[in-house]
Structures are given as structure tokens and as C-alpha cells.
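Hello,

Here is the structure I promised to pass on. Please open it first, then read my notes below.

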2 protein chains.
Amino acid sequence: MLKCTRCGKEYDERFILRCGCGGTLLVERNYFDFFGNLQPYLDMRRYINFLPISGSLLPPATPAITPVSELNLETVTAIFKLEYLQPSGSFKDRGTWVTVSKLLEEGIDEVAIDSSGNAALSLALYSLPANINVHVFLSYDARPEKISLLQRLGAVLHFIDGDRMKVHERAVEFSESEGITYASHWLNPYFIEGTKTAAFEAYEQVGVPDYVFAPTGSGTLLLGLWKGFFELRKMGVVSEIPRLIAVQASGYESLCERSPIQNLLADGIAIPEPPRREEMKRALQETGGTCVSVDEYETENALKWLRKAGFLVEPTSAVVLAALWELVETGEIPDGSKILLPLTGSGLKLTQGI
Amino acid sequence: MLKCTRCGKEYDERFILRCGCGGTLLVERNYFDFFGNLQPYLDMRRYINFLPISGSLLPPATPAITPVSELNLETVTAIFKLEYLQPSGSFKDRGTWVTVSKLLEEGIDEVAIDSSGNAALSLALYSLPANINVHVFLSYDARPEKISLLQRLGAVLHFIDGDRMKVHERAVEFSESEGITYASHWLNPYFIEGTKTAAFEAYEQVGVPDYVFAPTGSGTLLLGLWKGFFELRKMGVVSEIPRLIAVQASGYESLCERSPIQNLLADGIAIPEPPRREEMKRALQETGGTCVSVDEYETENALKWLRKAGFLVEPTSAVVLAALWELVETGEIPDGSKILLPLTGSGLKLTQGI
């Protein structure tokens with residue numbers, strides 16, 4: 001079932017994004033026996049028994065199990081998880097794969113989304129074989145390479161004059177007035193079901209890290225990681241959930257204090273008012289985590305370091321490393337800690353930006 | 001040890017690319033017990049016990065276990081393997097990861113390579129954390145996006161006026177005159193050790209397919225797949241090796257009859273005189289395989305089909321599907337066959353070309 005994160009009201013598992021009270025929804029199911037329900041696949045289908053889809057209508061490009069790479073960084077062990085090695089070049093494919101499967105099961109063939117790039121790219125790509133028409137709302141200053149890719153993937157582009165929140169509003173208005181399903185990853189509970197598999201994988205690969213850092217704008221990765229580890233605990237597989245560290249772009253913070261200067265490089269998380277903010281706060285509180293804000297200069301330095309290490313990612317992905325450096329320097333992360341750092345988006349699509 | 005494929009002479013496992021007789025080399029080791037030697041990783045380290053490296057000096061960006069996607073195509077089952085979901089965007093990372101590890105073990109810190117793009121990109125990326133200087137020889141008509149990426153990865157570019165074979169010759173001359181290690185994937189036996197893991201994975205994922213198609217220029221993938229299945233048979237894991245189908249670009253055939261018209265779209269396999277040609281012929285003969293030539297028009301159609309299915313690959317990757325269509329139409333592939341089609345290179349780096 002779906003359950004409202006605000007009032008607790010329950011719904012059948014249809015493709016709905018909000019409770020009547022305005023609250024956001026999450027899928028709630030009781031899973032038992034993690035290892036007994038793993039499927040013998042070496043890709044995301046491995047976790048299909050923990051996803052709210054039947055498995056009969058899966059988009060062909062199955063997301064990968066992404067590699068991990070452990071590196072000693074000063075006094076801690078950084079575990080990079082190469083989440084950018086996915087069909088559309090970002091971790092978003094996990095959420096999209098589940099979402100498109102659910103849309104197919106519900107017979108929905110036209111959707112709208114607002115996105116700064118990766119979520120729309122992912123949805124446009126996976127919607128092609130599903131014959132789902134995709135309307136993408138984006139601002140004029142979206143990265144040109146992403147716009148060009150979206151066009152070639154057949155998305156209907158709606159350019160909006162205004163900031164990220166304005167783009168979001170216009171997508172909602174359009175969906176309501178045209179009677180088209182709004183499929184925003186910001187609200188979509190099925191999307192988070194997909195991203196939670198990153199936690200399942202990480203657990204199988206490296207056990208329970210002490211900390212998990214996530215670039216955090218709308219919170220789809222942070223909450224997916226939280227839900228994944230939460231479900232592992234509920235199944236009795238792990239006894240503790242790692243501390244979650246939400247890493248935000250300066251000037252766009254929704255969990256940390258808002259900085260005056262904007263980090264324009266980390267455009268993937270430039271989301272000042274995410275609808276799932278209360279859930280994110282709870283995830284940080286419950287796990288003893290915190291939030292860290294990263295500026296443009298720090299992002300650029302981390303990006304360079306990652307490239308030199310062989311990780312070709314986009315700028316937004318680099319914020320987790322910048323945040324780790326900061327927390328190690330201030331002594332907030334104890335020596336010997338194991339830190340999971342998902343690297344979220346590929347740099348290959350940004351020929352000018354890596 | 002290394003063994004000459006022509007005269008059978010044996011060498012210690014150093015970084016050498018040719019036998020004294022001019023023949024190409026392959027690594028030869030006796031492996032027993034496939035399943036008992038799998039490592040508990042969900043990335044390429046899973047197969048480290050079958051690779052000629054110690055494992056102590058591994059580049060950080062571990063190649064992924066790539067997903068497979070099974071689709072019914074007319075009368076056969078196509079099993080696409082998403083080999084493009086690797087750190088530099090191509091299957092070449094498998095070979096490069098082993099190669100760079102071996103270079104590190106040998107203390108080699110400067111190398112030269114000739115490449116139309118992907119092999120050089122892969123080597124440049126993995127050489128960064130290894131502090132290996134990379135000289136790349138390429139022709140002026142290499143794809144601009146790849147040139148731009150190579151520059152940002154710090155490779156020293158040597159542009160050669162001439163065709164692919166001329167570029168190769170100049171890289172060899174340069175290496176000899178400057179005393180720099182020539183690290184061409186065309187000749188390098190350690191590279192094929194890496195690509196063979198694609199066969200190990202495929203076996204674990206889908207068993208033994210009836211056919212395996214590979215885009216074939218220099219043959220590093222074809223021979224890797226052949227060696228991988230061959231070793232599985234030697235270990236008693238499988239009783240038969242799939243039929244290998246070498247797919248070539250028209251106008252550049254080295255195994256099929258040379259066509260008069262050139263396929264300029266499939267630039268990754270435009271290699272008319274590969275040094276491992278005799279080995280490739282043997283691999284086709286021994287497995288009852290064949291070679292198929294694909295023209296530009298067929299490549300383009302297959303590329304469009306793949307994009308529509310959600311596979312964002314570069315044109316060279318599409319030739320395997322075009323070849324499959326052809327062999328299904330001519331009735332050469334029996335109904336019900338299972339066909340493995342590795343999709344080799346990402347389309348994300350070619351913003352103009354997908």
C-alpha cells in the first residue's frame with residue numbers, strides 16, 4: 001500500500017503522488033527474509049521481490065549493479081559507488097525503471113515531469129520502448145548537452161522562464177489542466193523504491209558503512225538510501241542504519257542554513273524547496289546524521305580530484321567528496337570510519353563540463 | 001606464461017607484445033574450479049583469480065558487471081549485454097583495468113597507443129590515478145568529442161595524416177625510437193585477459209548462448225569472448241563454446257570479403273589489417289562461426305532501433321544487431337536460438353552522433 005508521510009492515511013498502490021492532506025506518499029510493504037528473496041541476477045532484477053511491481057512489464061535497459069571502489073582518504077575509508085554507470089548516465093535510472101514499469105502496469109501513456117536534466121533524460125529514455133509520451137518542463141538555463149539529448153529522445157520540451165520552483169509549479173499546472181499524469185521524481189513513491197536498491201547493493205558489497213553521504217536536492221537518493229537500510233533493519237539483516245549526511249549546494253539549502261552565495265556548478269541539487277523536506281529531516285534525525293553545504297570552489301576541487309582518480313562524473317556528483325573533506329577536517333568524522341559516497345551522474349554527457 | 005600464437009614459444013609474464021618471430025602473444029595459465037575461485041564481489045574483481053595480475057595494484061574505477069536484457073526478436077532471443085556501462089563508456093575498460101594494473105606492477109610509467117577513440121579514452125582515464133603518461137596516436141578525422149575528452153584527461157595527442165594503419169605504424173615507430181612502451185590493445189595479451197571476463201559474466205548471467213556476436217576490428221572483444229568461453233570449457237564448467245560471429249564494417253573487412261563501399265559510421269572497427277587476424281580466423285573456425293559485413297545504412301537502422309529500445313550506444317555498437325537481422329532473414333540462425341549481443345560503446349559521449 002501507499003502511506004501518507006504526514007497523516008498516515010493509506011491508499012492502494014496506484015500511481016498517485018500526494019495524499020488528500022497534501023502529504024507525500026511512500027510505499028509500505030512488509031518484507032521478510034532478504035537473502036531468501038534475492039533473485040539470481042547480477043543486475044537490478046536481483047531485488048525485484050522488494051519492488052512494488054509485478055515484474056511482467058519491465059523496460060529492457062535493466063539498471064546495473066554498480067561497482068564500488070574503496071580508497072583510503074586521510075584517516076577514513078571512502079567507498080565510492082559508481083552510480084553513474086547506468087543506461088542514461090545517472091542513478092535516476094533505478095527510480096525510473098520501477099516508475100515506468102508501474103506506469104505500464106497502470107496503462108498510463110502520457111506523463112509530465114520537471115527536471116534540471118538527469119531525471120528527465122532518464123524518464124525520456126525509458127519511456128521510448130514503453131511508448132509513453134513525455135513532457136519535460138525545464139528552465140532556459142538547463143545544460144545544452146542535456147537539452148540536445150532530450151530532443152533526440154523525443155521528449156516534448158516546455159521551456160519555462162523562471163527558477164527551479166517556478167518550473168515545478170508550471171509542470172503541476174499543466175498536468176492538472178491537461179489531465180496528464182504528473183510523474184515527478186520529487187513526489188513519486190515508486191521512484192524511491194528504485195533508489196532504495198542502491199542501499200541493498202551497498203550492503204551486499206561492503207556491509208553497513210558508518211556514514212552514507214548523498215547529494216541532496218529533492219532527496220530521492222537520500223530517502224532511497226534511508227528506506228533501503230531501514231528495510232534491511234526491519235528484515236533483521238542489519239542492526240544499525242548508517243548515519244546519513246545530506247550534502248547540499250550552497251545558496252539552495254533546504255536542510256542546512258541558507259548561504260548567501262549560490263553554487264551554480266552543482267545544478268542537479270539546486271532545489272530550494274523540496275516537497276519531501278520533512279521526511280529528509282526525519283531521516284537525518286533518526287540516523288544521527290547531519291547536513292553539509294558545499295560551495296562552487298569546493299565542488300570544483302572535488303571534481304578535479306575525482307577525475308584524477310578515474311571517476312568521470314558531473315559536478316553535482318562531486319559534492320559528497322567535498323563534504324567528506326570538510327567533516328574529516330573539522331574532526332566530526334572519527335578516524336577509521338567507513339563512508340559510502342555514491343557518485344550519481346556521468347560526466348560523459350557534459351563534454352564541456354568535466 | 002605468455003605463449004606465441006604462431007610458433008608456440010613461451011615467455012615469462014612481462015609486458016611484451018610480440019614474439020621474436022613476430023607472432024602475437026596470449027596469456028596461458030591453467031585454471032581449475034571456476035565457482036570455487038569466484039570472489040564475493042559484484043564487480044569485475046569477482047574474476048580476479050583468473051587474471052594475470054596480483055590484485056595489489058588495481059586502478060580505483062573497477063569495471064562493472066554489466067546488465068543483460070533479453071528480448072524476443074522475430075524468431076530468436078537476443079540477449080543484449082550493456083558493455084557500455086563502464087567508467088570510460090566502453091567495454092575497453094575491462095582490458096585497460098588489467099593492463100594498467102600490470103603496467104603498475106612492472107613499474108612502467110609512460111606508454112604509447114594508437115586508437116580511433118575508445119581504447120585511448122579508456123587508457124587515458126585509467127592512467128591518471130596510476131601516474132602513467134599516455135601518448136595517443138590518432139588520425140585527424142577522429143570524433144571531436146573524443147579528442148576533447150582525451151585532452152581533458154591529459155593525454156599527449158599525436159595527430160597523424162593518414163589512415164588507421166598509418167597511425168598504427170607511426171605509434172610503433174615512435175615507441176621504438178623513444179624507448180617508450182607500446183601498449184596497443186591490438187597486440188597486448190593482458191587486454192584480452194580483461195575482455196574475457198565478459199564471457200565469464202555472460203555465462204553466470206544466461207548460461208551458454210548459441211551464438212555470440214561481436215563488433216570486430218582489431219578483435220580484442222571477439223578474442224576475449226572466445227578465450228573466456230574456452231577457459232570455461234577447459235575448467236569443465238561448460239561443454240560447448242558458442243558459435244562466434246565476427247561483425248565487421250563494410251569496406252574494412254579483414255575476415256569477410258572486402259566490400260567496395262565504406263561504412264564510415266562504425267568507426268570503432270574500421271581496421272582493415274588487424275595483427276591478430278589469424279587468431280580470429282581460428283576462433284571462427286573452431287566454434288563453427290562466421291563473419292558478417294554491415295554497411296552504413298544497416299548500422300544506422302540498427303542504431304535507431306537500439307535507441308528506441310532504451311540503449312544509448314554509439315554507431316559501432318549497432319552493427320551486431322544489423323548482423324543478427326541479416327542472419328535471421330537468410331535463415332542461417334535457427335528459430336529459438338539464444339544470441340548474445342554485447343553493446344560495446346556509450347552514446348553519451350557523442351552528443352552529435354546518436
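Start inside chain A. Four salt bridges cross the interface of domain 1 and domain 2 of chain A. Keep in mind that this is a predicted model. To see one salt bridge, find Lys146(A) and Glu314(A). Their closest N and O atoms are 3.0 Å apart. There are also ten residue pairs in polar contact between domain 1 and domain 2 of chain A, both residues at pLDDT 80 or more.

Helix 6 of chain A gives the most, with five residues. By class, that side of domain 1 of chain A has ten nonpolar, nine polar and eight charged residues.

Where do the domains run? The assignment for chain A gives domain 1 as 68-89 + 190-342 and domain 2 as 92-187. Their centres, taken over C-alpha atoms, are 24 Å apart. Together the two domains of chain A bury about 2100 Å², with 55% of it on carbon and sulfur atoms. Ser88(A), Tyr190(A) and Phe191(A) supply 29% of the area that domain 1 buries there, more than any other three residues.

Now look between the chains. 42 residues of chain B are in contact with 43 residues of chain A. The two chains bury about 3700 Å² between them, 62% of it on carbon and sulfur atoms. How many salt bridges link chain B and chain A? The count is zero. Eight residue pairs are in polar contact between these chains, both residues at pLDDT 80 or more.

Best wishes

Methods: Residues numbered from 1 in each chain as written. Chains lettered and ligands numbered in written order. Predicted model: local features only at pLDDT ≥ 70, side-chain atom pairs only at ≥ 80, totals over all residues. Heavy atoms only, no water. Contact = heavy atoms within 4.5 Å. Buried area = accessible area lost by both parts, 1.4 Å probe. Salt bridge = Lys/Arg side-chain N within 4 Å of Asp/Glu carboxyl O. Polar contact = N/O pair within 3.5 Å; in protein donor to acceptor, adjacent residues only side chain to side chain. Domains from an automatic or database assignment. Helix = DSSP H or I, 4+ residues; strand = E, 2+ residues; numbered from the N terminus. Nonpolar A, V, L, I, M, F, W, Y, C, P; charged D, E, K, R; others polar.
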